[in-house]
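Here's a quick briefing to read with the sequence and the 3D view open side by side. Have a look around first, then come back for the notes.

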Amino acid sequence: MSAGVAVSADLGKGRSQFELECRDLGYAYVNSKMVFQHVNLKTYENEFVAIVGPTGCGKSTLIRNLGFLTPPTKGQVFLDGNEVRKPSSKISLIHQSIATFPWMTALENVKLSLISKRLGKDEADRIARDVLRLVGLNGFEDYYPKEMSGGMRQKIAIARALAASPEILLMDEPFVHLDELTATGMRKEIYDLVFNPETSLKSAILVSHNLHEVVELADRVYVMNGNPATLVDEVKIKIPRPRSHRDPIFLNCVDRLYDELSENPNPTR
Amino acid sequence: MDVLTIGLATFATIGRILALIALSVLSGWGLAYLAVKSRRFENAYVPFVNVLESIPVIAFLPIVLLVFIQGLGGFWGVEVAADFLVFDAVSWNVWIGAYQAFKTVPEHLLEVSRNYGFGVGRTMWKLYIPHSIPRVTSNLFSSFADAFFYITVSEVFTVGVRTYQTFGIGTLIANFVQQSNFIGVYYSLLFIAIGVIIVTALLNILSRRGVAKYGVDTSYEIKRHSPWLGRRFRGLDVFRNRAQYISRYAGRFTHLRHRRGLGENGGTPIRHLIRVAVKSLIFCMGIAVVVYLVYSSLAIAFAVPREQWRSFLASTPYLLYSMGADYVRVIVVTLASLGLAMSLGYLLATHHRASLTLAPIVQAISAFPAPAYFPLIFIATFPIFSSRLPAAYSTEIYVFTLGFLSCFYYVFFDFWIGVQAIPSQFWEVMRNHELSFLTRMRRIILPGTFPYLITGISSTINSAWAGIEIGEYWPNIDGSHSLEVRDGMMKYIGLNMSNGQVGNAAWVSLLFAVVVAIYGIVFTRNLMDLARRKYVVEEGVYAA
């Protein structure tokens, strides 16, 4: 066992309440074989969970199953013990492809997630401005996405997700379209942002290919592999924050995850 | 009655329509490219298409007579004349759809093509044409429907005392109606129904594949060809995902440029010269057309006696009032069409199973030639309406019905394809934030389909005139009654044409053309510019 790394046997000890749980989850496209199956995972309060796996193993589909944006073929999802049967703003998704509406300003994009809450215009405006400030976009409320950089657009998408007061934040490779400098900056901000006392978030799930990113952010990592894929391991990252990429323990964790993935290479779909 | 003949005639008509649709797609791509590259051409092209789209097929009969019947003569003269009339029915909305698609190509994709120095051909083949596939395929439904709507006046037409006809189901129906052979009409409609269902099913496959493959991150899965279909649809394989194409080609082209020692922004002097020569040639041709049109117009104007001009001017206020009355009818028809599109069209676009059953029904209704079956509706409903409503109201209902049947499918199919082309990420955001139907419609669906709606509404407005023209003045519709509104520009044109007062009809047509041209610039072009600036849904996902 490497320093800074613990396996699944240690997980959950000392924790009383899990937030999101899925049981025996599986997914198959129509008239096709299972992409993944027998997936069981849990997230706990104030925990940042990551899912890693080779390309095509179904990570993005799994994260959509968790939010019920794509209903699973098999299995169940629970939030606070209640079964999830339809998409809800309590579980918010941030896309890999940055999805902002080009005909709406930054403020209008964020206010979109508040419509279903039926707040007054001033209240919605205040919340949207607060969240934009939180992600560092104060002063850009009236800008259209077209007039902003990729990083700023992704911040709009994050602000929109946070404005809905979600309990769980799902992130599908949210930094993959950003340049390295912007991505590094946002990675530094995202953890504090996610667990900022001003937000309603209890836990976050990140899907990523980038093992350095995963080790930098996650408290716990699920490794997905096989064909059909399933969760083959759980790795707990016990490195104190802030984490340095040059730290030998950090590099050790990255190596461990790399070994996990390369042990059972999964043919891509 | 020979069932085999009806079958062959249906086959001939469908073949004719599909061939002319293919021609309109090819010509539409070329003209749309010129329109997006030259503001001057665009300023002339958009009103031109709007005017031509607004003019009903039968208004082209004098041109048909002069150019094809007298010029070519014989079998080919009649065949080409009929083809021209069918082309008139199918082409305009395909042209405007291609223009709208070319106008809204995402800026970053254009930059990629510019960056790697793509020429006209490569930019068309790798970018503009693939990008236009979803919108062009959506317009094929309307074109196919429109061709059938007018088939009884396209394949058989009367100019003066002579009737010309070419082999096809439109001609057979017209002959059966003349002979009061209603069994023949029913069999013909049955064969049309079979043909329409088969063709629209194929168009459905084509449009879904088009949206899945060429739309940006839509929720439709790209279907792989089964071995059986694969052989038949291999032609489609020349297309690939445009992003893959551009990146792959860009790599190859950059490599070639480096090998040839060309700069990144360079181009050979010969290519530059060719480009300048082509531009100059197009400019000269444009000037020649304008000079010819101005000369012809002045010649006609000076040939008209002064008293006639006074009469024209004196009648103008009434004509403008009649035009206003017709515009009210067109607006009502357009709003009804939009309402159907936003309800049923949305349902079909978002529920695959519903679309499998309801879409062919809508397509079949739109493709059935209303002038062929409308007298049957009239005979069935006239006793009910005439006993309960004042005559003017029942007439307006019939005019509305004909207008609606002649054009509702434009905005319906455009909106339908537009909804399907909305990126899957946007749907996920809508579901994730539990947006209601009305909020989705107002905030995302309508803005996201804005370019499609402009095309659909534009074509709906332009095409409503044809149905209204038939409904406003239809003498002896069932042998004993006539449909006739009190005031209407189309009735005025129809009455004057049948009385031989061609000058009066020409004067109101000129006034109408001016209004339509202004509408083309104010509505279609300006709203399309707005769509280009703000409502390119693809830019909401790609831009990173």
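What follows is a short tour by topic, starting with the ground rules.

This is a predicted model, where local features need pLDDT of at least 70, side-chain atom pairs count only at pLDDT 80 or more, and totals for chains, interfaces and linings use all residues. Residues are numbered from 1 along each chain as its sequence is written, while chains are lettered from A and ligands numbered from 1 in the order in which they are written.

**Chain A overall**
- Chain A has seven helices and eleven strands; helices (H or I, at least four residues) and strands (E, at least two) are DSSP runs, numbered from the N terminus.
- Take the chain A contacts with a separation of 6 or more: 73% of them join residues 24 or more positions apart. A contact here means two C-beta atoms, placed from the backbone, within 7 Å.

**G136(A)**
- G136(A) sits in the loop between α3 (121-134) and α4 (150-163) of chain A.
- G136(A) counts as partly exposed because it has 16 C-beta neighbours inside 10 Å.
- From G136(A) to I156(A) is 20 residues in sequence and 9.7 Å in space, C-alpha to C-alpha.

**Where the chains meet**
- Chain B puts 22 residues into the contact and chain A puts in 25 residues.
- On the chain B side, α17 (424-432), α18 (437-448) and α22 (539-542) each supply at least two residues, and α17(B) gives the most, with six residues.
- That side of chain B splits into ten nonpolar, five polar and seven charged residues. Nonpolar covers Ala, Val, Leu, Ile, Met, Phe, Trp, Tyr, Cys and Pro, charged covers Asp, Glu, Lys and Arg, and polar is the others, Gly among them.

**Helix α18(B)**
- The buried residues of α18(B) are R440(B), I444(B), I445(B) and G448(B).
- Down the axis of α18(B), these buried residues fall within an arc of 90 degrees, so they line one face of the helix; the arc is that of the directions from the helix axis to the C-beta atoms.
- The buried residues of α18(B) pack against α16 (391-420) and α17 of chain B.

**I192(B)**
- You'll find I192(B) in helix α9 (residues 182-214) of chain B.
- I192(B) is buried because 25 other C-beta atoms lie within 10 Å.
- Leaving aside neighbours within four places in sequence, I192(B) is in contact with T10(B), F148(B), I169(B) and F368(B).
- I192(B) and I169(B) are 23 residues apart along the chain, with 8.0 Å between their C-alpha atoms.

Technical notes. A residue is buried if 20 or more other C-beta atoms lie within 10 Å of its own, exposed if 12 or fewer, and partly exposed in between; C-beta atoms are placed from the backbone.
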